[in-house]
Amino acid sequence: MSHDAGGDTTGEIAGDVAASLGRRPLPLPDNVSAPYWEAAARGEVLYQECPACGHRQFYPRALCTACAAEPEWRPASGRGTVHTFTVIRQNWAEPFRDLAPYVVAVVELEEGPRMMTNVTGCAPEDVHIGMPVEAYTIAVEDGLGVPFWRPAPTD
Amino acid sequence: MAAIRDGQCDTVLMTYGSDLLSRQGRTLGSKGHFGRSSRVPGPAQYEAPYGNVLIGAYAMAAQRHMHEYGTTPEQLAEIAVAVREHAALNPDALYRDPITVDDVVSSRMIADPLHKLDCCVISDGGGAVIMTTAERARDLRQPPAFVLGTGGAQTHWQISEMPDFTATGAAAAGAEAFRQARVTPADIDTVQLYDSFTITVLLLLEDLGLCPKGEGGRFVASGALRLGGKLPLNTDGGGLSCTHPGMRGIFLLIEAVRQLRGQAGPAQVPGASLALACGSGGWLSCIGTTILGRDAP
């Protein structure tokens with residue numbers, strides 16, 4: 001996983017992502033979610049694991065959805081696969097209007113939980129279910145970064 | 001229904017109306033979920049930055065269904081074609097000109113793999129349903145339809161949480177409704193399913209047990225959903241061609257009752273005695289199913 005502090009390291013599409021991020025709807029961190037967004041600002045993607053029953057979950061919650069114990073944060077490896085996706089070709093809301101077509105996907109972490117994201121750094125036509133992807137993050141402001149995913153290196 | 005059964009009241013009016021088209025125009029639900037530059041609280045915060053739209057949520061279910069079961073865009077398109085054929089029989093339907101599978105798959109792509117004609121219309125509209133006791137209904141001007149069974153289920157709220165992108169709560173909601181009604185999917189004469197998008201119908205058909213899981217594409221391509229077919233769908237022209245003012249549940253019940261009363265005109269399913277209505281809310285999140293009968297249970 002790499003940390004792009006707003007920089008363009010993956011070509012034009014990732015550059016668009018970085019440029020538009022500040023104008024996108026952004027999370028309002030709360031007591032439960034703040035560590036997740038803070039970690040992303042440092043270049044990490046977190047998920048939760050329950051110390052009592054081992055259940056892994058995303059999105060983050062105050063309680064384990066399997067046994068109601070208090071979950072713990074775990075760093076994700078940053079490796080995953082595309083579980084499903086779509087190419088958004090029409091969205092009248094700014095700034096997405098000018099970004100279309102772009103990929104919205106649900107990525108499955110290799111640890112199990114799934115999260116929504118954009119897959120950037122490749123043409124939308126190249127995205128497919130099962131595609132290996134890697135996480136990267138972009139820092140928006142102090143304590144708030146946003147994870148994105150891009151095709152995993154093939155080596 | 002429970003309130004009437006328990007004697008808390010005799011008669012209930014359920015009504016719905018919306019001026020969605022006049023108010024918002026035809027945006028295909030793609031104005032985005034959130035206000036401009038807003039800060040989004042709650043579970044939606046994990047989706048907010050990524051620019052998904054309503055159609056994108058359904059598109060991700062369709063994409064996964066195609067991946068797992070080999071469902072094709074042409075099979076999904078057949079649902080829109082069948083419903084348009086029924087809309088042609090309804091003078092109140094918004095769109096009545098016939099369309100072909102080719103028209104659907106060559107219409108503009110909105111969110112892969114869903115085309116413009118895979119999406120419901122935006123309209124104004126409204127409706128009302130009156131529920132009362134069987135005893136009170138005996139001397140009403142209109143013949144009643146009887147509620148034989150109902151079921152509801154929710155599997156998730158945010159689309160990224162959907163446990164299985166190819167399965168909905170209709171599996172649980174349908175099983176409960178069929179159990180109460182003491183009938184089986186094979187007994188149903190016509191279905192009124194929430195056709196927000198073609199994929200919604202496909203998933204509901206499978207999950208309600210009206211065809212085997214994964215077989216929805218082949219089932220709809222057989223022509224089963226057309227009048228004269230095994231299981232005529234949305235005989236009023238549905239959300240895909242008749243009306244969709246933002247929510248559609250009431251219209252499903254109204255058309256089911258019309259069929260059971262024999263008042264569906266040229267769209268009448270001959271001898272219809274059992275109808276199923278099934279609505280889907282959120283992002284395939286929560287499902288309500290009602291089985292209605294012509295004859296008293």
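Predicted model: local features only at pLDDT ≥ 70, side-chain atom pairs only at ≥ 80, totals over all residues.
**The β9–β10 hairpin of chain A**

- β9(A) and β10(A) form a hairpin that has 2 residues between its strands, and in the turn A:G143 has a positive phi of about 80°.
- Within this pairing, the residue that stands opposite A:V133 is A:P151 in β10(A).
- β10(A) is mostly covered, since 7 of its 8 residues are buried, and β10 (144–151) is also one of the elements of chain A that supply at least two residues to the side touching chain B.

**Chain A as a whole**

- Chain A contains 3 helices and 10 strands, and, read from the N terminus on, its elements follow the order β-α-β-α-β-β-β-β-α-β-β-β-β.
- Of the 155 residues of chain A, 52% count as buried.
- Among the contacts in chain A with a separation of 6 or more, 58% are accounted for by residues 24 or more positions apart.

**The contact between chain A and chain B**

- The contact takes 42 residues from chain A and 41 residues from chain B; of the area that chain A buries against chain B, A:P25, A:Q90 and A:M116 supply 21%, more than any other three residues.
- Across this interface the rule finds 3 salt bridges, and one of the salt bridges joins the side chains of B:E161 and A:R61, with a distance of 2.5 Å from N to O.
- The rule also finds 22 residue pairs in polar contact across the interface, where both residues are at pLDDT 80 or more.
- At least two residues each of the side of chain A that touches chain B come from β2 (26–27), α2 (34–41), β6 (79–88), β7 (102–109), β8 (114–119) and β10 (144–151) of chain A, and β6(A) gives the most to that side, with 6 residues.
- Sorted by class, the side of chain A that touches chain B has 26 nonpolar, 8 polar and 8 charged residues.
- Strand pairing also crosses from one chain to the other, as β2(A) is joined by 2 bridges to strand β2 (residues 39–40) of chain B, and these two strands run parallel; in β2(B), B:R39 is the bridge partner of A:L26.

**Two places within chain B**

- B:A145 lies in the loop between α6 (134–137) and β6 (146–154) of chain B, and B:A145 is partly exposed, with a relative accessible area of 22%.
- Leaving aside residues up to four places away in sequence, B:A145 touches B:V257, B:L260 and B:G293.
- B:A145 and B:S160 are 15 residues apart along the chain, and their C-alpha atoms are separated by 39 Å.
- Helix α8 (residues 198–207) of chain B is mostly covered, with 10 of its 10 residues buried, and the buried residues of α8(B) include the charged pair B:E206 and B:D207 as well as B:L202, B:L203, B:L204 and B:L205.
- α8(B) is followed by B:G209, whose phi is positive, near 85°.

Terms used: Residues numbered from 1 in each chain as written. Chains lettered and ligands numbered in written order. Heavy atoms only, no water. Contact = heavy atoms within 4.5 Å. Buried area = accessible area lost by both parts, 1.4 Å probe. Salt bridge = Lys/Arg side-chain N within 4 Å of Asp/Glu carboxyl O. Polar contact = N/O pair within 3.5 Å; in protein donor to acceptor, adjacent residues only side chain to side chain. Helix = DSSP H or I, 4+ residues; strand = E, 2+ residues; numbered from the N terminus. Pairing = 2+ DSSP bridges. Buried < 20%, exposed > 50% of the residue type's maximum accessible area, 1.4 Å probe, protein only.
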